[in-house]
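Please keep the sequence and the 3D view at hand while reading.

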Amino acid sequence: MLSVAIVGGLHADARKAAVERLLADVPGAVALHHDLATAVKGTVVRTIRDLTGIVSAGEAELVNDCACCALREDLVPELERLAEDGTTRLAIVELWESVEPKAMAEVVASAGLRLTGVITAVDPALVLPYLGNGDDLADAGLAAAVTDQRTIADTFARQLEYAPVLALVESEEADDEDRALLAQLHPTARQVPIGHGDLAGPVVTGTAGAAASALADAALAGFDVEAAAAAQHPACALLPAEADECGVSTLVWHRRRPFHPERLYAALEDLTCAAARSRGRFWLADRPDTLLHWDAAGGALCVENSGPWLASLPDAAWEMVPPVRRAAAALDWHPEHGDCCQHLVFTSPGLDRDGLELLLESCLLTDAEYAAGRTAWKRLPPAFDTLLEV
């Protein structure tokens, strides 16, 4: 039965090295790649290759002026054809630079294909430069559609944090700070060292052959799309823990009091720029029933309405909530506020932990404001209406 593994990442050289390693290590493997760089001409170029070179090539027309949509429409039929052929053991879906693995993993899984691995390839020396790059993908020629408004930083962060496996290329420029940053950004990831193209050996102990075998094992180990989505959902995300190593720190800030909307809004720029990466969920006093998602990278912040806190739902509605969400809420349940809380995580080299905590604390309701109760909270100025497009 055909196995499908997704290999993605904005670090193109690292991604190509990981794909070549898999082609060399797994007999009967082919790599399927859609080049979205030709989208401006109205088509997406598809190639399928094995270890010896290109096996076939073709073009897919754009769908609604969207290169990613064309990729989705073309990907599944090609994978189904490979599955029916019966000679391919592993189909490696090598994503184009800015395509995010979550969307493609869900496309593959929903088609009934056997998705066995999702890997993001990383050059450790490039983690901080990419995470700090607030340029639009469009300005870098990496947009997947005319309407693509993502940045390099937020795209890279999602690519990095979604994949359970990180393929790390050899990098002479990488230092202990780079590796500590990578480990703190995604502490649960399985890191697999690989050589860089034809360069010899992995970056840590073990032979290149052993590393290749580990990457093949990771590509064939299995992948749970629903669990991966839950791990990214702000209500039950597997956020990093407190850490401090090699000049890199992770601050976990957890409180049981809502933010004052105006004071938090006034502090957004300072909070967003305080760390290379910050994420989590937060609670606004004027929207006490709404779980809000905090997602910041590259000096830019995205705030989204993620639906109601479970504490605000009637008991009858709980059966409609996924079990993983109920379990996450139960682990963090407060007798008065339920799952309503502030749970924000900031990761960065040179993090000013004390200053950041003081700023966050200053944005919470004061004792008097808190004591006034929810009816009074809802009358506070709605400073976040513009960000939330209300």
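Predicted model: local features only at pLDDT ≥ 70, side-chain atom pairs only at ≥ 80, totals over all residues.

**Orientation**

Residues are numbered from 1 along each chain as its sequence is written, and side-chain values use heavy atoms, with hydrogens and water left out. Helices (H or I, at least four residues) and strands (E, at least two) are DSSP runs, numbered from the N terminus.

**The sheet**

- Eight strands make up an open sheet with mixed pairing, in the order S4-S3-S2-S5-S1-S6-S7-S8; two strands pair if DSSP finds at least two bridges between them.
- S4 and strand S8 (190–194) are at the edges with a single partner strand each, so one side of each has no neighbour in the sheet.
- From one strand to the next, the twist averages 25°; angles run from 0 to 180 degrees between N-to-C directions, and axes are lines fitted to C-alpha atoms, for helices over the stretch in contact.
- Strands of a sheet pair through backbone hydrogen bonds, in either a parallel or an antiparallel manner.

- S3 (residues 43–50) and S4 (residues 53–61) are antiparallel and joined by eight bridges; the two form a hairpin with two residues between them.
- Strand S2 (residues 29–35) runs antiparallel to S3, with five bridges joining them. Across this pairing, Ala31 is opposite Arg49, and His34 is opposite Arg46.
- On S5 (residues 90–94), S2 has a parallel partner, with five bridges between the two. Ala29 has Leu90 as its bridge partner there, and Val30 stands opposite Ala91.
- Six of the eight residues of S3 are buried, so this strand is largely enclosed by the rest of the structure. Buried means under 20% relative accessible area, exposed over 50%, and partly exposed in between (1.4 Å probe, protein chains only).
- S2 is likewise largely enclosed by the rest of the structure, because six of its seven residues are buried.

- Beyond its neighbours within four places in sequence, Leu79 has contacts (heavy atoms within 4.5 Å) with residues including Leu2, Val4, Leu32 and Ala91.

**Helix packing**

- Helix H3 (residues 101–110) lies across strand S1 (3–8) and strand S6 (115–122), and runs at about 165° to S6.
- Helix H9 (residues 261–273) packs against helix H11 (residues 353–362) at an angle of about 160°, and their axes are 9 Å apart.
- That angle makes H9 roughly antiparallel to H11; angles under 35 degrees count as roughly parallel, over 145 as roughly antiparallel, 65 to 115 as roughly perpendicular and the rest as oblique.
- In this pair, Arg263, Ala267, Asp270 and Leu271 of H9 meet Leu356, Leu359, Leu360 and Ser362 of H11.
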